[in-house]
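Have the sequence and the 3D view side by side.

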Amino acid sequence: MRLHFHDCFVQGCDGSVLLNNTDTIESEQDALPNINSIRGLDVVNDIKTAVENSCPDTVSCADILAIAAEIASVLGGGPGWPVPLGRRDSLTANRTLANQNLPAPFFNLTQLKASFAVQGLNTLDLVTLSGGHTFGRARCSTFINRLYNFSNTGNPDPTLNTTYLEVLRARCPQNATGDNLTNLDLSTPDQFDNRYYSNLLQLNGLLQSDQELFSTPGADTIPIVNSFSSNQNTFFSNFRVSMIKMGNIGVLTGDEGEIRLQCNFVNGDSFGLASVASKDAKQKLVAQSK
């Protein structure tokens with residue numbers, strides 16, 4: 001799910017996040033939001049190999065990411081949705097844009113809203129898609145700023161539950177490596193549910209960018225968090241809508257881009273992949289049949 005999100009926020013949902021470094025491509029995987037934290041690339045490659053063996057030169061890597069994100073939700077106990085298909089893969093990546101467009105874990109609410117607005121996503125989308133943090137992990141380096149010296153005050157973040165603070169300090173000592181992992185959702189870390197929002201109400205959001213949704217005084221995000229916390233079906237319904245909306249950002253269709261034979265490299269690259277003429281993709285994204 002994170003791969004799909006990090007793909008769509010950088011030049012659209014075009015599989016650019018999957019491209020490795022070459023003589024002509026600076027991989028987005030080495031951008032600050034991705035380096036040493038992107039996961040699942042091997043899984044995507046395994047899926048692509050199986051798909052190419054069964055249905056060659058037809059299914060893009062961008063579409064694989066979109067479908068895999070939906071399946072991840074379902075496997076975690078969350079909602080499914082009809083995934084629009086027909087995306088094509090980019091011929092380029094943009095590390096600079098990845099550093100610029102991907103929201104940071106220390107963003108305040110104003111910065112988060114601006115980051116999503118660039119992608120045509122509104123405040124409801126922001127709160128809804130942040131719920132993807134209902135499962136997964138984060139490194140200490142992404143939230144240690146909240147534990148010891150928040151905003152150079154010499155004190156922890158006042159919007160962090162003090163009991164949770166001590167748990168996190170034990171996990172992330174001040175002078176230790178920043179690579180230790182912590183669950184994004186301390187209550188149901190491997191399940192897709194609405195507990196992410198319940199945690200925010202208890203000041204148990206892990207990242208600053210999570211807790212900002214509830215703890216920013218007078219914010220219009222607060223009633224949305226309250227609604228999702230009290231009604232999981234409402235969250236699930238909105239998550240379906242926002243994921244489809246995000247999956248339509250900047251897609252390549254028709255003769256744009258290509259259908260990559262291997263997700264980490266454009267066709268005909270220096271690794272000896274044969275250059276092929278991609279079949280015409282569908283002109284418009286079409287709903288996956290369920």
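**Starting at P103**

P103 touches F5, F9, L112, S115 and F116, not counting residues up to four places away in sequence; contact here means heavy atoms within 4.5 Å. You'll find P103 in the loop between α4 (95-101) and α5 (109-117). Helices (H or I, at least four residues) and strands (E, at least two) are DSSP runs, numbered from the N terminus. The UniProt annotation "binding site", from an unreviewed entry, covers P103. UniProt positions are in the numbering used here, feature names are shortened, and annotations may be inferred rather than shown by experiment.

Before going further, some ground rules. This is a predicted model, where local features need pLDDT of at least 70, side-chain atom pairs count only at pLDDT 80 or more, and totals for chains, interfaces and linings use all residues. Residues are numbered from 1 along each chain as its sequence is written, and side-chain values use heavy atoms, with hydrogens and water left out.

Now go to the other annotated spot. UniProt, again in an unreviewed entry, places the feature "active site" at H6. H6 sits in helix α1 (residues 2-8). With 6% relative accessibility, H6 counts as buried, where buried means under 20% relative accessible area, exposed over 50%, and partly exposed in between (1.4 Å probe, protein chains only). Setting aside residues up to four places away in sequence, H6 touches P33, N34, I38 and L102.

Pick up I38 from that list and follow it. I38 belongs to the loop between α1 and α2, and it is buried, with a relative accessible area of 12%. Apart from neighbours within four places in sequence, I38 is in contact with R2, L3, H6 and V17. I38 and L18 are 20 residues apart in sequence, and their C-alpha atoms are 9.8 Å apart in space.

What is the phi of N36, given that it is not a glycine? The phi of N36 is positive, at about 60 degrees. N36 is in the loop between α1 and α2 (41-54), and at 57% relative accessibility it counts as exposed. S151 is also not a glycine, and has a positive phi of about 50 degrees. The place to look for S151 is the loop between β2 (137-139) and α7 (162-171). S151 counts as exposed because its relative accessibility is 56%.

Time to zoom out. The domain assignment gives domain 1 (1-102 + 260-289) and domain 2 (104-242); such bounds come from an automatic or database domain assignment. The C-alpha centres of domain 1 and domain 2 lie 26 Å apart. The contact takes 17 residues from domain 1 and 14 residues from domain 2.

How much area is buried between domain 1 and domain 2? It's about 1200 Å², of which carbon and sulfur atoms give 63%. Buried area is the accessible area (1.4 Å probe) that two parts lose on being put together, summed over both.

Next, have a look at helix α10 (residues 222-230), where I224, V225, F228 and S229 are buried. Why do these residues fall on the same side of α10? They cover an arc of only 135 degrees around the axis, so they share one side of the helix; the arc is that of the directions from the helix axis to the C-beta atoms. Over on the other side of α10, P223 and S230 are exposed. The cover on the buried residues of α10 includes α6 (123-130), α8 (195-201), α9 (208-215) and α11 (232-247).

Q208 is buried, with a relative accessible area of 9%. Beyond residues up to four places away in sequence, Q208 touches P105, F106, F107, N145, R146 and F150.

Last stop: L186, in the loop between β3 (181-183) and α8. At 38% relative accessibility, L186 counts as partly exposed. Neighbours within four places in sequence aside, L186 is in contact with Y164, N199 and N204. L186 and F135 are 51 residues apart in sequence and 9.2 Å apart in space, C-alpha to C-alpha.
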